[in-house]
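Keep the 3D view open and follow along topic by topic.

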Amino acid sequence: MDNITIRDIKVFVTAPRGINLVIVKVETSEPELFGYGCATFTWRHKAVVTAVEEYLCPMLKGKSVHNIEDIWQTMMGSSYWRNGPVLNNAISGVDEALWDIKGKLANMPLYSLLGGKAREGIAVYRHADGSCIEEVEECIRELQAEGYRYIRCHMGTYGGNFGGKRQQIVKPRDSENGAYYHPRMYMDSVIKLFDRVRSDIGWEIEVMHDVHERLSLSETLAFTKELEQFKLFFLEDSLSPEQANFYKYLREQTAVPFAMGELFTNPVEWIPIIQNQWIDFIRVHLSDIGGLTPAIKLANFCEAYGVRTAWHGPNDLSPIGMAAQMHLDMHCHNFGIQEFSGFNEAEEVVFPGCPVVNNGYAYVNDRPGIGVGFDEKEAAKYPAIEMNHSWLFSRLPDGTAVRP
Ligand code: GCO
Ligand code: MG
């Protein structure tokens, strides 16, 4: 067992739900022993594929599968420049696959390898959205009927003007195309939404909202103060990573719980806001920081400052990536909540062993490793697609481009 080495590293792109997912397979000198990891950077998937095939694979062939920490450090250091989303995703794919292999070698599920269960199930939250309050409330009631007790509420998605239908925007002539939104109309619509949700649906349900860094400093401060009355479970991405220092003032002036981190790729982004305890929940996307190895350290770092985990769980994350972080959710004492976007039937066929949800709790299986397989034949039925990037080109009414 000690001499098992990396024989080959393969990378696959598949889109069983119309979203490009990137999967890395690490094959070893033991024919039946291999592992899978998530390297999903859906908006730049080709770049990740190249990073794995042209750089990580030739560099790691023949190396021992056992020394994950050393392999992670050399993958991170070998490009000299580091901590960027493309290379981090490529590194994550290999890293998670090596943890999958280590769990198989130890013949135990990853949460057990990490130190065992801290709970029997993982509380998850789902998204409710709609073009009007009635539609959002209907969506909330459907999710409640399925047993969900934590629900993120939006109307017209980020910026509140999905498809440009909800807000009357006056643009300068000859303006660029884009996903235009009006910050004040957005804020007003969200206040009205939560006012109705609390009066129509009540206060038992835990609700969240994602500002998706769409507001200026003073707007986000005023908005946060107005939202305080609705007792949110958390308010997400009130600020961009570039403006994170302003959390100091949000924290000083409100008691709203804050969540941030899905855009983080570099430790310098999360160290100050955690050490200053400006946030309550870390929302990192595991593959954007390089996988499980850094996420385990980040979770422990957060615990020391009373910050809980709420790992990013959107639909541009593979079931392997979701399961990998759910093993962390099972084990970490400072688990808070897990975002969950569900799986469609095609995904459950391509990825046998997907986590299951029952009555608002998710459960990973007890198979060795991450516990989720990858049917390469089925995956080939859903080749990579040209994804709709339009929402990423968000703009203010005067045409100013906004990072989405
Ligand atoms: C979330 C996120 C996502 C991201 C998406 C980017 O909280 O789930 O904000 O919706 O925008 O993953 O590709
Ligand atoms: Mg978000």
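In this predicted model, helix 2 (residues 68–77) and helix 3 (residues 85–106) pack against each other at an angle of about 170°. Their axes lie 10 Å apart. An angle over 145 degrees counts as roughly antiparallel, and therefore helix 2 and helix 3 are roughly antiparallel to each other.

**The contact between helix 2 and helix 3**

- Helix 2 brings Ile68, Ile71, Trp72, Met75 and Met76 to the contact.
- From helix 3 come Asn88, Ile91, Val94, Asp95, Leu98, Trp99 and Lys102.
- Sorted by class, this contact has nine nonpolar, one polar and two charged residues.
- A handy idea to keep: two packed helices are described by the angle between their axes and the distance between the axes.

**The sheet with the order 1-2-3**

- Now look for an open sheet of three strands in the order 1-2-3, with antiparallel pairing.
- Strand 1 (6–14) and strand 3 (34–38) stand at the edges, and each has a single partner strand, so one side of each is left without a neighbour in the sheet.
- From one strand to the next, the twist averages 20°.
- Helix 12 (residues 319–331) packs on this sheet and touches strand 2 and strand 3. The direction of helix 12 makes about 95° with that of strand 3.
- In general, strands of a sheet pair through backbone hydrogen bonds, either parallel or antiparallel.

**Strand 2 and its partners**

- Strand 1 and strand 2 (residues 21–28) pair in the antiparallel sense over eight bridges.
- These two strands form a hairpin with six residues between them. In the turn, glycine 18 has a positive phi of about 80°.
- On the other pairing, strand 2 and strand 3 are antiparallel over five bridges, and a hairpin of five residues joins them.
- How many residues of strand 2 are buried? Eight of its eight residues are buried, so that strand 2 is mostly covered, with buried meaning under 20% relative accessible area.
- Both faces of strand 2 are covered. Leu21, Ile23, Lys25 and Glu27 are buried on one side, and Val22, Val24, Val26 and Thr28 are buried on the other.

**The magnesium ion**

- Which residues coordinate the magnesium ion (ligand 2)? They are Asp210 (OD), Glu236 (OE) and Glu262 (OE), at 2.1 Å.
- Along the sequence, these donor residues are spaced D-x25-E-x25-E.
- Aspartate 210 and glutamate 262 link distant parts of the chain, 52 residues apart. Aspartate 210 sits in strand 7 (residues 206–210), while glutamate 262 is in the loop between strand 9 (258–260) and helix 9 (267–275).
- Aspartate 210 is buried, with a relative accessible area of 1%, and glutamate 262 is buried too, at 11%.

**Histidine 212**

- Histidine 212 is found in the loop between strand 7 and helix 7 (217–227).
- Is histidine 212 buried or exposed? At 6% relative accessibility, histidine 212 counts as buried, because the cut-off for buried is under 20%.
- Leaving aside neighbours within four places in sequence, histidine 212 is in contact with Tyr158, Glu236, Asp237, Glu262, Trp391 and Pro404. Among these contacts, Glu236 and Glu262 also coordinate the magnesium ion (ligand 2).

**The sheet with the order 6-15-16**

- Another open sheet of three strands has the order 6-15-16, with mixed pairing.
- Strand 6 and strand 16 (401–402) stand at the edges of this sheet, each with a single partner strand, so one side of each is left without a neighbour there.
- Strand 6 and strand 15 (residues 394–395) pair in the parallel sense over two bridges.
- In strand 15, arginine 395 is the bridge partner of tyrosine 180.

**Glutamine 168**

- Glutamine 168 has its place in the loop between strand 5 (150–153) and strand 6 (179–180).
- With 60% relative accessibility, glutamine 168 counts as exposed, because exposed means over 50%.
- Glutamine 168 and methionine 185 are 17 residues apart in sequence. In space, they are 9.0 Å apart, C-alpha to C-alpha.

Conventions:
Residues numbered from 1 in each chain as written. Chains lettered and ligands numbered in written order. Predicted model: local features only at pLDDT ≥ 70, side-chain atom pairs only at ≥ 80, totals over all residues. Heavy atoms only, no water. Pairing = 2+ DSSP bridges. Helix = DSSP H or I, 4+ residues; strand = E, 2+ residues; numbered from the N terminus. Axes fitted to C-alpha atoms, helices over the stretch in contact; angles between N-to-C directions. Contact = heavy atoms within 4.5 Å. Donors = N, O, S within 2.8 Å, 3.2 Å for Na, K, Ca; no water. Buried < 20%, exposed > 50% of the residue type's maximum accessible area, 1.4 Å probe, protein only. Parallel < 35°, antiparallel > 145°, perpendicular 65-115°, else oblique. Nonpolar A, V, L, I, M, F, W, Y, C, P; charged D, E, K, R; others polar.
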